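Reader: I have a chain open here and would like to go through it with you. Can we start with the packing and then move on to the charged side chains?

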Amino acid sequence: MDSPRISTGIIGLDGLLHGGYVRGRTYLMTGDTGTGKTIACLQFLSSALKRGEKAVYVTVDERPGEIVESAASFSWDLQPYIQEKSLVVLDASPYFGGRSGGATEKGIDPQKITADLGNYAKRLSATLLIVDPITPLILPNDATSPSQDQARSLIQLIQSQLNTTNLFTAHLPKGASPSAGGIEQFLASVVFLLKIGEINGKYERTMRIKKMRGTPVEPADYPFMLRTNDGIVLVDRHMDLTSASHCEAPMFEYFQLGKNGS
């Protein structure tokens, strides 16, 4: 029997994944800054909320208001879902200041974080958890402590104690090979690598499915565009991206926030 699936919200990706994400598993979007990881999360979130899902979104590098503004820049209005309590956007920064009680001398306490997330998920009856990015939460403050232990503890606790489908993002270390990966990549069921590279004098965004447990996926770099109302759209490699550029959002539009007092 096939496992229940949930759409990724990304045009062209569900077909590659034989129907989308398998419910109850953990997925990882990794890549350098500006490659589209947060957009992929917001796209998944918006698509799922429209179908009646409930979600907890944890932001680490940005404030909740900035996440809402980022979604709005792609015409995804999250406010109604927040108001009707189908969505909560959490700011993880208190964990790094010790104000939440989730930080110790040895770093962030995975059990405390999992308990907090579990409380929010239970309160909302959430089916989805998004953490963007998870990287700072799995790096111990104590340099002598192995980061693998922190990552394994947090991710395994989330998978065992929360009845959610999980989408995490992770920073690709500067200068690291695309084939490189931290322990979080080994623990995730599926790992996506988002890249921006120069091909024949033109910049192209690509998505690589590095691994997918239980689903055969053709290994390749799949080109994609960013469109204002759609977000990430996978395109046929033979499509003329230049002729399609009229419908593509300006590169890095997502990062043009906070202007005119917004």
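Reader: Which residues does Leu 87 touch, not counting those up to four places away in sequence?
Author: This is a predicted model, to start with. In it, Leu 87 touches Leu 45, Leu 49, Ala 55, Tyr 57, Leu 78, Tyr 81, Ile 82 and Leu 124.

Reader: How many residues are in the largest nonpolar core?
Author: That core has 40 residues. Leu 87 is one of those with the most contacts inside it, along with Tyr 21, Met 29, Leu 45, Tyr 57, Phe 192 and Met 207.

Reader: Which element gives the largest share of this core?
Author: Helix 2, with eight residues. Another core lies apart from this one and has 29 residues, including Ile 134, Ile 138, Phe 168 and Ala 188.

Reader: And overall, how much of the chain is buried?
Author: Buried residues make up 47% of the 262 residues. The chain has eight helices and 13 strands. Its accessible surface comes to about 12800 Å², and 50% of that belongs to carbon and sulfur atoms.

Reader: Switching to strands. What does strand 10 pair with?
Author: Strand 3 (residues 26–31) pairs with strand 10 (residues 190–199) in the parallel sense, over five bridges. Strand 11 (residues 202–212) runs antiparallel to strand 10, and ten bridges join the two.

Reader: What about the hairpin of strand 10 and strand 11, how many residues sit between the strands?
Author: Two, and Asn 200 in that hairpin takes a positive phi near 55°.

Reader: Now the charges. How many salt bridges are there in the whole structure?
Author: A search finds five. One of them joins the side chains of Glu 53 and Arg 23, at 2.3 Å from N to O.

Reader: Where do those two residues lie?
Author: Glu 53 is in the loop between helix 2 and strand 4, while Arg 23 is in the loop between strand 2 and strand 3, so the pair ties together parts 30 residues apart in sequence.

Reader: Is Glu 53 buried or exposed?
Author: Buried, because its relative accessibility is 10% and the cut-off for buried is under 20%. Arg 23 counts as partly exposed, at 35%.

Reader: What else does the Glu 53 side chain make a polar contact with?
Author: The side chain of Thr 127, at 2.5 Å. Leaving aside neighbours within four places in sequence, Glu 53 is also in contact with other residues, among them Ile 6, Ala 48, Ser 86 and Leu 128.

Reader: Back to strand 10. What does Lys 195 form a salt bridge with?
Author: With Asp 221, at 3.1 Å from N to O. Lys 195 lies in strand 10 and Asp 221 in strand 12 (residues 221–227), so this pair ties together parts 26 residues apart in sequence.

Reader: Which other residue forms a salt bridge with Asp 221?
Author: Arg 208, with the closest N and O atoms 2.7 Å apart. Arg 208 is in strand 11, so here the parts tied together are 13 residues apart in sequence.

Reader: How exposed are Asp 221 and Arg 208?
Author: Asp 221 is partly exposed, with a relative accessible area of 22%. Arg 208 counts as partly exposed as well, at 25%.

Methods:
Residues numbered from 1 in each chain as written. Predicted model: local features only at pLDDT ≥ 70, side-chain atom pairs only at ≥ 80, totals over all residues. Heavy atoms only, no water. Buried < 20%, exposed > 50% of the residue type's maximum accessible area, 1.4 Å probe, protein only. Polar contact = N/O pair within 3.5 Å; in protein donor to acceptor, adjacent residues only side chain to side chain. Contact = heavy atoms within 4.5 Å. Core = buried A, V, L, I, M, F, W, Y, C linked by side-chain atoms within 4.5 Å. Helix = DSSP H or I, 4+ residues; strand = E, 2+ residues; numbered from the N terminus. Pairing = 2+ DSSP bridges. Areas by Shrake-Rupley, 256 points an atom, 1.4 Å probe, with all protein chains shown as cover. Salt bridge = Lys/Arg side-chain N within 4 Å of Asp/Glu carboxyl O.
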